[in-house]
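The following paragraphs lead the reader through a structure, beginning with the contact of its chains. Please keep the sequence and the model in view while reading.

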There are 2 protein chains.
Amino acid sequence: MIIDCHGHYTTAPKQLDDYRKLQIANCECGKSHTLLPRPVFSDDELRESVENNQLRMQKERGTDLTIFSPRAVGMGHHIGDERTSIEWSGVCNDLIHRVVTMFPKNFVGVCQLPQSPGVAPANSIKELERCVNELGFIGCNLNPDPTGGMWKDAPLHDRSWYPLYEKMVELDVPAMIHVSGSCNPHFHATATHYINGDTTAFVQFLTSKIFTDFPTLKFIIPHGGGAVPYHWGRYRGIAQDLGLPPLKDLVLNNVFFDTCVYHQPGIDLLLKVIPAENILFASELLGAVRGVDPETGFNYDDTKRYIDGASIADEAKQKIFSGNAKRIFSRLKV
Amino acid sequence: MIIDCHGHYTTAPKQLDDYRKLQIANCECGKSHTLLPRPVFSDDELRESVENNQLRMQKERGTDLTIFSPRAVGMGHHIGDERTSIEWSGVCNDLIHRVVTMFPKNFVGVCQLPQSPGVAPANSIKELERCVNELGFIGCNLNPDPTGGMWKDAPLHDRSWYPLYEKMVELDVPAMIHVSGSCNPHFHATATHYINGDTTAFVQFLTSKIFTDFPTLKFIIPHGGGAVPYHWGRYRGIAQDLGLPPLKDLVLNNVFFDTCVYHQPGIDLLLKVIPAENILFASELLGAVRGVDPETGFNYDDTKRYIDGASIADEAKQKIFSGNAKRIFSRLKV
């Protein structure tokens with residue numbers, strides 16, 4: 001069995017985008033509290049939107065189950081206010097639930113949180129509980145920068161995050177660290193902000209006591225961990241200079257990396273420096289990079305090929321393809 | 001011959017730090033325009049500060065020449081105002097000049113620019129010209145974020161940078177992209193901000209017309225290019241999705257990466273995905289990571305060992321160790 005732990009619903013019917021545009025327009029003219037009628041989707045529309053995309057690609061690439069969440073760049077936590085994010089998250093998460101219910105063998109849900117700049121992360125607990133307890137979701141995407149590239153709110157080790165972590169531990173759900181769009185002209189969303197967000201979160205884990213305080217808290221850092229595996233020596237050395245325990249003891253009980261690295265040498269590095277137990281197969285479908293690599297003749301994001309092509313033991317591949325996901329997403333029943 | 005293109009004067013006599021502390025204290029109490037007496041250093045003090053450190057390590061590690069610049073985290077462009085940065089850069093650059101003049105076979109100078117938040121990059125031209133024309137420096141360190149982790153000033157493709165680029169082209173000096181300290185609690189300076197700064201600058205190059213407008217402009221991205229080589233497939237794919245030329249054609253005439261990656265697998269990846277012509281040997285001495293790697297028994301930052309240990313042709317090693325530096329730093333006479 002092959003579980004893709006990082007898939008986004010980037011192909012939702014047009015009504016979703018229309019709704020969001022109207023919501024943003026309201027925010028921009030100071031009417032963020034206007035409650036809009038939620039978009040309506042027919043089963044046929046939803047079926048078509050995934051059958052021609054994610055489902056087709058699962059079949060083509062030979063994967064079985066996608067851990068499925070709303071479009072990441074669309075979360076846009078920096079837009080509007082808390083009410084905006086609550087409504088928008090509700091709409092997006094309900095839509096994921098519709099798809100998951102329609103194709104229970106192919107998708108399982110992970111939710112977007114209604115984070116908002118300056119708003120306590122604790123305020124996201126209600127939606128997390130709803131998604132896990134009522135909709136059967138198995139995790140959440142957590143934005144380490146709800147200010148959209150301005151990095152103005154509190155870092156992940158700030159105590160304001162702790163109630164959310166407590167709830168994650170209680171529900172036994174992991175979070176994927178995932179920034180959203182960027183309103184900072186320095187940061188291209190998928191090329192810069194995503195990768196920097198991953199690296200930033202990792203160092204916040206490294207330099208804090210989060211995992212002393214929450215020994216069972218689990219985070220997945222996507223996009224192969226940002227810059228982290230490439231600079232694993234640097235991070236081992238910095239931890240050592242800071243008088244901390246060896247890096248693997250410090251973070252690898254709690255931090256996992258996905259395989260959204262779009263070339264064989266990058267995947268080979270990841271597999272070499274990070275233990276197989278800490279790597280989860282993922283492709284980011286349909287995501288940041290959609291083209292065919294002229295060097296291989298296959299899609300850049302066809303990451304299964306890189307794992308298949310890697311010189312590691314079958315046992316390690318099995319962990320990466322499904323064993324680790326089953327362990328880390330304890331609510332995943334397959 | 002082995003040229004280390006990335007060394008910082010992190011071991012300057014205590015007077016330098018005392019001077020800076022006083023300068024910062026003045027900024028903090030609104031007296032940033034108070035002109036302080038510049039610190040005084042004896043030749044013996046300077047000699048001792050490098051003989052026991054950088055010079056000793058050159059000998060121990062078998063390198064010959066270090067391209068030497070002021071302490072990067074100390075540049076602190078976000079502190080005080082333009083006057084603060086002009087004075088501080090003058091002090092730091094003059095100090096580099098003293099050391100370089102004292103040990104001309106071992107060091108050659110690269111300057112810090114007097115950048116300051118909200119101040120036109122063009123205002124750094126005067127100090128660049130002084131350092132190159134009067135002090136014999138061969139390049140500069142350019143901070144893509146003089147706001148110290150707030151990323152508030154204009155990105156590198158903004159026209160406000162162009163006068164500085166014109167001067168770099170005229171003088172035929174490359175710049176190393178190098179952020180300084182971070183006043184944003186999200187970003188640890190050497191673990192996060194440095195690496196994110198490198199990745200950010202690279203994507204700004206990728207997504208802009210800088211090298212169409214300045215075909216001979218040259219930038220070195222340190223720390224092995226941040227996250228870039230690890231995500232080379234992602235960046236090739238994003239360039240392709242944007243309808244841009246192949247990534248190598250887009251940036252590799254103008255962008256070079258150093259070898260400050262502190263473990264063998266990271267260096268192996270760098271050497272595999274980036275052409276040897278675009279890699280410059282560097283160690284960041286004495287820099288971000290000072291310890292001994294228990295996995296190897298040698299210093300993390302003893303990067304020469306990783307190049308020595310890499311499976312690449314001798315010709316490629318020669319380019320990385322000195323050939324490329326001689327070509328890119330055209331003012332370097334060795």
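How many residues of chain B are in contact with chain A? In this predicted model, 58 residues of chain B touch 58 residues of chain A, contact meaning heavy atoms within 4.5 Å. Local features need pLDDT of at least 70 and side-chain atom pairs count only at pLDDT 80 or more, whereas totals for chains, interfaces and linings use all residues; side-chain values use heavy atoms, without hydrogens and water. Residues are numbered from 1 along each chain as its sequence is written, with chains lettered from A and ligands numbered from 1 in the order in which they are written.

Between them, chain B and chain A bury about 4,600 Å², 55% of it on carbon and sulfur atoms. Buried area here is the accessible area (1.4 Å probe) that two parts lose on being put together, summed over both. B:His186, B:Tyr230 and B:Arg234 supply 20% of the area that chain B buries against chain A, more than any other three residues.

B:Arg234 also forms a salt bridge with A:Glu284, in which the closest N and O atoms are 3.1 Å apart. The rule for such a bridge asks for a side-chain nitrogen of Lys or Arg within 4 Å of a carboxyl oxygen of Asp or Glu, and it finds six salt bridges across this interface.

Which elements give two or more residues to the side of chain B that touches chain A? They are helix 8 (189–206), helix 10 (232–241), helix 12 (264–273) and strand 10 (292–293) of chain B. Helices (H or I, at least four residues) and strands (E, at least two) are DSSP runs, numbered from the N terminus. Helix 8 of chain B provides the largest share, 10 residues.

How are the two copies related? Chain B can be laid on chain A with an RMSD of 0.0 Å by a turn of 180° and a shift of 0.0 Å along the axis, the superposition being by least squares on the C-alpha atoms of residues with pLDDT of at least 70 in both. The two copies are thus related as by a two-fold rotation axis. In chain B, the C-alpha nearest the axis belongs to B:Ala227, 2.1 Å from it. Because 100% of the interface residues of chain B are also interface residues in chain A, the copies meet through the same surface.
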